[in-house]
Amino acid sequence: MEILRQWIISVSFAAIAGALIYLLAPKGSTERAVRTVVAVFLIASVAAPLTGLKENKVNLSGAGTPVLQQNASALEDLLLQQANETTQDTLQGILKAYLEQRGLSAGQILLKTDILDNGRIEIREVKIKLDGTARVTAGELEEAILTQTGLTVKVVIL
């Protein structure tokens, strides 16, 4: 705790010193150089304790390992689920934009994805439902989307 207190005090003094240097420095053409030097000085003062971490080895083995593993697993599952949802939203946006470029409006874009054991997201199925006013056949649109995006899709025109 004493180390943290000393670090906070040293960073505070560095910030005060940097502010004083900045205030006392002449304005004009040298202002940008002074700002850069003060910024580098502050970054160095904040990061200085990190250089000593190499000598301090912390051993966390046995300190609540099952709980840590369970929490890590739950966090990994949550991140994978969020990545999956983001992937679906992004793909829907790409397909919707592509259809709008062609003058078509998608009634519904359905994506089926799966998260594999290695963490990769696999696109199982893509279905696009268009209204009946589309002046393109489903096969033509499927081929165009495959060419543009590399996705094999199933287009349904209602």
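Strand β2 (residues 121-130) pairs with β3 in the parallel sense, over 4 bridges. The model described here is predicted. Lys129 stands opposite Val156 in β3. Leu130 stands opposite Ile157 in β3.

Together, 3 strands make up an open sheet. Their order is β1-β2-β3, and the pairing is mixed. Strands β1 (106-115) and β3 (154-157) stand at the edges. Each has a single partner strand, so one side of each is left without a neighbour in the sheet. From one strand to the next, the twist averages 15°. In general, strands of a sheet pair through backbone hydrogen bonds, in either a parallel or an antiparallel sense.

Helix α4 packs on this sheet. It lies across β2 and β3 and runs at about 145° to β3. Helix α4 spans residues 138-149, which is 12 residues. From first C-alpha to last, α4 reaches 16 Å, close to the 16 Å expected at 1.5 Å a residue. Leu141, Ala144 and Ile145 are buried in α4. These residues cover an arc of only 100° around the axis, which puts them on the same side of α4. Just after α4 comes Gly150, with a positive phi of about 80°.

Helix α1 covers residues 2-24 and has 23 residues. Its first and last C-alpha atoms are 33 Å apart, close to the 33 Å expected at 1.5 Å a residue. The buried residues of α1 are Val11, Ala14 and Gly18. They pack against α2.

Ser45 lies in helix α2 (residues 31-47). Its relative accessible area is 14%, under the 20% limit for a buried residue, so Ser45 counts as buried. Leaving aside residues up to four places away in sequence, Ser45 touches Trp7, Val11 and Ala14.

Over the whole protein chain, the secondary structure comes to 4 helices and 3 strands. From the N terminus on, the elements run α-α-α-β-β-α-β. Buried residues make up 17% of the 158 residues in the chain. Among contacts with a separation of 6 or more, 52% join residues 24 or more positions apart. The accessible surface of the chain comes to about 11,800 Å². Carbon and sulfur atoms account for 60% of that surface.

Methods:
Residues numbered from 1 in each chain as written. Predicted model: local features only at pLDDT ≥ 70, side-chain atom pairs only at ≥ 80, totals over all residues. Heavy atoms only, no water. Helix = DSSP H or I, 4+ residues; strand = E, 2+ residues; numbered from the N terminus. Expected span 1.5 Å × (residues − 1). Buried < 20%, exposed > 50% of the residue type's maximum accessible area, 1.4 Å probe, protein only. Arc of directions from axis to C-beta. Pairing = 2+ DSSP bridges. Axes fitted to C-alpha atoms, helices over the stretch in contact; angles between N-to-C directions. Contact = heavy atoms within 4.5 Å. Areas by Shrake-Rupley, 256 points an atom, 1.4 Å probe, with all protein chains shown as cover.
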